[in-house]
Amino acid sequence: MLIAENLQKTYRRHAVEVPVLTRLNLEVRTGEFLSIIGASGSGKSTLLHLLGTLDEPDGGRVLLDGKRIDNLPSRARDRLRNETFGYIFQFYHLLPELTALDNVLMPAYISNSTLGWWRNRARLRHRAEELLEKMGLGHRLKHRPRELSGGEMQRTAIARALLMRPRVLLADEPTGNLDAKAGGEIVHLLRQINREEKVTIVMVTHNTEIVSETDRVVRMAGGMMIEEAPPQPRGPFHPRLAAV
Ligand code: ADP
Ligand code: MG
């Protein structure tokens with residue numbers, strides 16, 4: 001579904017060139033929950049940005065359903081970013097002045113004209129509330145980010161990423177700022193979303209402990225994929241978290 005072909009990316013700062021991706025190939029399959037692991041600085045975030053058209057490669061291509069997306073005009077990329085991809089980041093990127101509910105609705109505010117928003121607001125609000133309830137935050141709709149725990153902020157960010165019904169969720173170290181318990185809950189929720197909402201998930205992380213619940217793990221080093229592990233058996237992640 002989503003393919004990276006011979007991706008190359010080099011950052012340039014002053015006269016210094018930092019090659020990050022040298023020849024990276026990856027195939028993401030429809031419906032899978034894929035983990036990409038690799039040391040800090042190995043280019044995981046760079047790769048995710050290229051897959052999600054947040055940045056452009058210096059060489060190679062990114063294909064979605066067989067069509068190139070890395071060189072689209074900016075309006076077409078805006079659409080992809082708003083409708084096809086959902087993004088989750090390590091530090092949540094919630095707007096501090098907005099309630100959890102308004103943060104979740106932000107993609108809809110951005111994509112709709114004022115008129116479109118007023119026409120669709122009941123349906124969108126309902127979807128946002130439903131998602132927050134699914135994330136175990138039905139009692140936190142009116143809370144602001146500073147009144148939420150780290151895990152709750154990340155769950156709010158996940159609800160926001162799902163609002164527009166993306167086909168692919170790109171998660172960059174989604175548990176990187178959380179303790180083991182809250183991080184485990186996040187991965188468990190992502191697993192549930194992957195199955196119930198039929199969303200393909202690409203998660204990058206340097207935490208090898210949280211990948212056991214995902215379908216497939218690939219490893220990056222030296223600017224490319226160096227290892228593709230066979231599918232792992234699925235099992236209940238942790239019975240204690242089943243209620244989340
Ligand atoms: P990871 O997410 O695996 O930790 P990144 O993709 O963030 O790795 O970064 C890979 C390398 O590229 C690092 O050495 C980092 O310092 C460098 N880098 C990342 N973004 C930029 C940038 N915007 N400008 C210059 N160098 C960058
Ligand atoms: Mg990173």
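These exercises explore a ligand site, a pocket, a cavity and a salt bridge in a predicted model.

**Exercise 1. The shell around ligand 1**

Task: List the residues that surround ligand 1, then sort the shell by class and by element.

Solution: 
- Step 1. Collect the neighbours. Tyr-11, Arg-13 and Val-20 belong to the shell. So do Ala-39, Ser-40, Gly-41, Ser-42, Gly-43, Lys-44, Ser-45 and Thr-46.
- Step 2. Sort them by class. Three residues are nonpolar, six are polar and two are charged. Gly counts as polar here.
- Step 3. Look at single atoms. The side chain of Lys-44 places a polar atom 2.9 Å from an oxygen atom of ligand 1. For Ser-45, a polar side-chain atom sits 2.8 Å from a ligand oxygen. Ser-42 uses its backbone instead: a polar atom there is 3.2 Å from an oxygen of ligand 1.
- Step 4. Check the limit. A polar contact needs N or O atoms within 3.5 Å. The Ser-42 distance is 3.2 Å, the Lys-44 distance is 2.9 Å, and the Ser-45 distance is 2.8 Å.
- Step 5. On its own, ligand 1 has 560 Å² of accessible area, and the protein covers 62% of that.
- Step 6. Assign elements. β1 (2-13) and α1 (44-51) each give two or more residues to the shell. α1 gives the most, with three.

**Exercise 2. The largest pocket**

Task: Which elements line the largest pocket, and which residues are closest to its centre?

Solution: 
- Step 1. Start with the space. The largest pocket holds about 350 Å³.
- Step 2. Find the centre. The lining has 16 residues, and Arg-81, Tyr-87, Pro-107, Arg-160 and Ala-161 are the closest to the centre.
- Step 3. Name the elements. At least two lining residues come from each of α2 (74-84), β6 (85-88), α3 (100-111) and α5 (150-162). The largest share is that of α3, with four residues.
- Step 4. Sort by class. Ten lining residues are nonpolar, four are polar and two are charged.

**Exercise 3. The cavity**

Task: Describe the largest cavity and its lining.

Solution: 
- Step 1. Count. There is one cavity of 30 Å³ or more. The volume of the largest cavity is about 40 Å³.
- Step 2. Read the lining. Leu-48, His-49, Leu-54, Tyr-87, Ile-88, Phe-89, Leu-170 and Asp-172 form it.
- Step 3. α1, β6 and β7 (168-172) supply at least two residues each.
- Step 4. Sort by class. Six are nonpolar, one is polar and one is charged.

**Exercise 4. A salt bridge**

Task: Where in the chain are the partners Glu-152 and Arg-140?

Solution: 
- Step 1. Side chains of opposite charge can pair when their charged atoms come close.
- Step 2. Check the distance. The limit is 4 Å. Glu-152 and Arg-140 form a salt bridge at 3.3 Å, N to O.
- Step 3. Locate the partners. Glu-152 is in helix α5, while Arg-140 is in the loop between α4 (114-134) and α5. They are twelve residues apart.
- Step 4. Widen the view. The whole structure has 16 salt bridges.

Notes: Residues are numbered from 1 along each chain as its sequence is written. Chains are lettered from A and ligands numbered from 1 in the order in which they are written. This is a predicted model: local features need pLDDT of at least 70, side-chain atom pairs count only at pLDDT 80 or more; totals for chains, interfaces and linings use all residues. Side-chain values use heavy atoms; hydrogens and water are left out. A residue is near a molecule or strand if one of its heavy atoms lies within 4 Å of it. A polar contact is a pair of N or O atoms within 3.5 Å; within protein, one must be able to donate a hydrogen and the other to accept it, and residues adjacent in sequence count only if both atoms are side-chain atoms. Accessible areas come from the Shrake-Rupley method with a 1.4 Å probe; for residues, only the protein chains shown count as cover. On a 1 Å grid over the protein atoms alone, a cavity is a set of points where a 1.4 Å probe fits but cannot get out, and a pocket is an open set with protein on both sides within 12 Å along at least five of seven lines; lining residues have an atom within 4 Å of a point. Grid points are joined across faces, edges and corners, and a volume is the space filled by probe spheres set on the points. A salt bridge is a side-chain nitrogen of Lys or Arg within 4 Å of a carboxyl oxygen of Asp or Glu.
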